[in-house]
Amino acid sequence: MRLEYTNEDFIFLFDFITEASEHLLGIEDNILKLETEPSQSLIEAIYRPMHSIKGMSGFVNLNNIKHLTHETENLIDLLKNDKKIAISSELIDLLIKVVDRVVKIIKQVNQQAELLRNQKLDSYVIDVPDVDYNDLLEEIEKLKKSDATDKAKKVAVVKPATLVGPSVEQKAKLVIPEKLKNEFIEETYEHLEIIDAELLKLEEDLDDENAITVIMRELHTIKGGSQIIISSIETDILQNPLNYIQKITHCSETLLQQIVKADKKVDADIVDILFAVSDVLKELIANLKNDEAVSEVPVNILVKLYNFTGEKPDDKFIESVQAEQKITAEDFAFFNTALQNLRGLLPVCAELITNPDNRKNSLKKILRALKTCLKAGEYHNKKSFIEFCNNQITFFNFLKDNPEQVNDAFIQSTIDDINQKLVELEKEYAEKYAKTAQIEEPQAGAAAAVSGPSVAAADKTAAEADMSLSVIKVPMERIDKLMGIIGELIVSKGTLQILAKEIAVKYNMIQLSRRTKEIADLFNRLSDELQNTVMNIRMMPVKNVFNRFPRLVRDIAKKNDKKVKLVMRGEDTELDKTVIEKINDPLLHMIRNSVDHGIETPAERRKAGKSEEGTIILSAWNQGNNVYIELQDDGRGIDEEAVKNKALEKGLVTETKLEKMSKKDILNFIFMPGFSTAKKVTEVSGRGVGMDVVKTNIISIAGTIEIDSEKNFGTKILLILPLTLAVSKGLEVRCGDSYFMIPLENVLETVKINKTLIREYKLKELFNYRDEIVPIVDICRVFGMCSIKKNEEISLVIVQYNNIKFALKVDEFLGETEIVVKPLPQMLENLPGVSGTTIMPDGRVELIINISDLI
Amino acid sequence: MAKVLVIDDSELVRNFHSYILRSEKFEVVTANDGVEGLEKFFSDKFDLVIVDLNMPRLDGYEVVRQIRDSEDDEEVPIIVISTEDSEDKKAKGFEAGANVYIVKPTEPEKLVANVRTLIGHK
């Protein structure tokens, strides 16, 4: 099956996808909570979004979702109202399956929709995903029937005929002499092309009188042509496109005439309207070409034109147009209102007798219903019905003032009256409904096939503009582009400062220098603000990543017969999208490890004196320029001894060295590649599968990872992440003739020491930095450049990477600057020691040193 | 210009309804839920209220009830819009004081026609 969307429906489809996806995440979350701590409010919290999805899916014609969510909603309803079914793991599983299935459907729709998204089409066709959900429906039925009392209640309910009128508009055929018509169509296309061209000119220069004259002339010609054809054919069909062509061209002409005569100015609004006129005319010509009647009347554009010209609109014309167009809807509105209110009124009438204490209230309701009916009758000009309503209102008003007059006979006869009217109305409606159905049925298929372009589409876009959307979707690449530009802006903002200095120093023009500096400051401030704003656009809450973990934890725990509770904190902490994308996998690994190996089985936990249910706490928070994400569990922890043994066994470290190592350093062994995958350690320590992967991932986004664990008490892993990847700060240094950038997040300190303080050991230079022996790396040597000239005083940058400190020997410190990291071109991607490049204010390209490569 | 208050917890539905009504030259004010709806209702004057039934914080029935409780003779027309198609939910809507009940999904023309019917010529 395929679905066809018009332009604006297509926008709604995206709204639906976004909103439904959000709802589904929430639902899943709550279903999981429901298993552990059932409560009415939770059931409510599942029911409501499910209900919303059902409602919304109806709008966008995704009937499979509507059906499935509807059945599920019924199931939850049983849970909600009378607790007819119990919350079982069976039920939870089923609900999760439903969510998965709906997600699957939405994903498929989304994939298709994304493909069509950037195309400008008249209609968007989407295949309904062929996702079978009958198995779920069966399961739902089974669960529903699991309770016997439910069956007893299932008495067949006879549904009154619903008031749904067919909505497909009739498309009448037009008969117009072929030759005349074709000539007119061709000519009109040409005229419209000229009009478009002139409109563009007019838009450029609103005073272009020549353009106005040309447009007027062309419009006039079109009008004349349409009149000739109208007079030559016998037609009084309102939907004849020619009628509208004539009307619209006439009004547009009037508009322009007024402008010329009154010497008024053309403004942007008028140009817009004229563009819309041209679009509508094109649509109408297309209709004419295909011999179709107008399916949707371009009332809006006419109203707009009338508004502008102030000309008295041809009331009869518009009204008859609207009546023609909306006959089913108007009838629906009348019958819906009348029938509903009369039906609703009946039980209340009976109450006047059965519940005399509430008489005042009942009368109020009855009068309200009758007045509503009267209003409907008046609006739709139904004379006999108005009379009927007036009589009833008088009667009940009388009762209101003389309550003692209420008696069985009186009321009963009134009920009979109303009943009779109801039957009458229902009959009338059924007759009308049957009639329209007859006319439209054979056309339904054909109409559906061509229903795409609508005449009103063009002027609807104007209305669309004031539709207020609080959220817009923007393709990522646009933001990336913006980021790139802003990056260069930030870099170039330094140029002005340099220029100001140069003017003062080199040319000694203090005044000019000062003014340049003022501008530079302003420029600085604005570009900083711009940068921050764009950064904020890219920020996303970690919730987006966290949200899938409850499900993951539950699945793994269930598979291993463990009881695990996942507590999440600080889900609203925001991170740059690029960072968010990169932390998903590491976190997934870490959590899987925690549940799989960290948390013990319930039996083991009991033995260890812990509660059977293990707890994993996942928290996120902001601190300084970083975001911290911590995963903590109360499992068995990492066995330090086992790690030590393994490290020795693998020859990673000597025994003497090991003795001197701190606990932290020892635990860090689990990040070594290949270290933890060995089965033995996994069995003993139960930790570390894929920890090297985690580390590599985190390092690749300039984050750090810290681990702490206490045997039998649990493990804590802390990720320290940069807020963003794109912009950071760097320390510029000079080595020989080359300049390098060292990322500031790695820099601890810069020191200048005397040459004599450097010790040499096994060809390595070392020095004592705050009671720590730190190795010195000579950048010049790393990059194979000539060595630095021998100075008495040596400049060192102390850097830290993942708890390892070392010093970089440089010639000169040049200062701290903001840098925009540009990735290396592909062929240089694997260059060791360099993580990227940055452009300096004066246009030079500098290499950014990758500290991790230098260790 | 007639002023309509649209109370619905779904952004999609709110946008949809406001879009339809605005393009038919109604002034539209929206509210996210019952509580906000009542706040807006009592701080302004409306020609018509469109309210959803299932909403967080305060449901549609209660919204209608509270509006009716606050009124004397002059009553504002209220349209209840919901996916609920059952007769007893409709009856409950009338019980609370609604004028018309429309089942979602709403067809634009029908919604507009109903709104016009209840507001009358203006």
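A: Start with one pair: A:Gln632 has A:Lys716 of β9(A) as its bridge partner. This is a predicted model, in which local features need pLDDT of at least 70, side-chain atom pairs count only at pLDDT 80 or more, and totals for chains, interfaces and linings use all residues. Residues are numbered from 1 along each chain as its sequence is written, while chains are lettered from A and ligands numbered from 1 in the order in which they are written.

β7(A) and β9(A) run antiparallel and share eight bridges. Strands here are DSSP runs of E, at least two residues long, and helices are runs of H or I of at least four residues; both are numbered from the N terminus. Two strands pair if DSSP finds at least two bridges between them.

Now the whole sheet. Five strands of chain A make up an open sheet, ordered β4-β6-β7-β9-β8, with mixed pairing. From one strand to the next, the twist averages 10°. Angles run from 0 to 180 degrees between N-to-C directions, and axes are lines fitted to C-alpha atoms, for helices over the stretch in contact.

Next, the other neighbour of β7(A). Strand β6 (residues 614–623) of chain A is antiparallel to β7 (residues 626–633) of chain A, and eight bridges join them.

β8(A) and β9(A) are antiparallel, with seven bridges. A:Ile705 is opposite A:Leu719 in β9(A). The two strands form a hairpin with three residues between them. In its turn, A:Asn712 has a positive phi of about 70°.

Chain A has another hairpin to set beside this one. Strand β16 (residues 793–801) of chain A pairs with β17(A) in the antiparallel sense over seven bridges. A:Tyr801 has A:Ile804 of β17(A) as its bridge partner. Two residues lie between these strands, and A:Asn802 in the turn has a positive phi of about 50°. β17 (residues 804–810) of chain A also runs parallel to strand β15 (residues 772–778) of chain A, through three bridges. There, A:Val777 is partnered by A:Leu808 in β17(A).

What about the cores? The largest nonpolar core has 98 residues. Such a core is a set of buried Ala, Val, Leu, Ile, Met, Phe, Trp, Tyr and Cys residues joined through C-beta atoms within 7 Å. Buried means 20 or more other C-beta atoms within 10 Å of the residue's own; exposed means 12 or fewer; partly exposed is in between; C-beta atoms are placed from the backbone. B:Val4, B:Val49, B:Ile50, B:Ile79, B:Val80 and B:Val115 touch the most other members. Helix α13 (residues 327–354) of chain A gives the most to this core, with 12 residues. Domain 1 (2–153) and domain 3 (328–438) of chain A both contribute, so the core lies between them; these bounds come from an automatic or database domain assignment. A second, separate core of 37 residues includes A:Val553, A:Val564, A:Ile591 and A:Leu721. In soluble globular proteins, nonpolar side chains tend to be buried together.

Helix α13(A) matters for the chain contact too: it gives the most to the side of chain A that touches chain B, with nine residues. In total, 35 residues of chain A are in contact with 34 residues of chain B.

Last, the overall count. Chain A holds 30 helices and 20 strands. Of its 855 residues, 31% count as buried. Among its contacts between residues at least 6 apart in sequence, 70% join residues at least 24 apart.

Note on methods: Contact = placed C-beta atoms within 7 Å.
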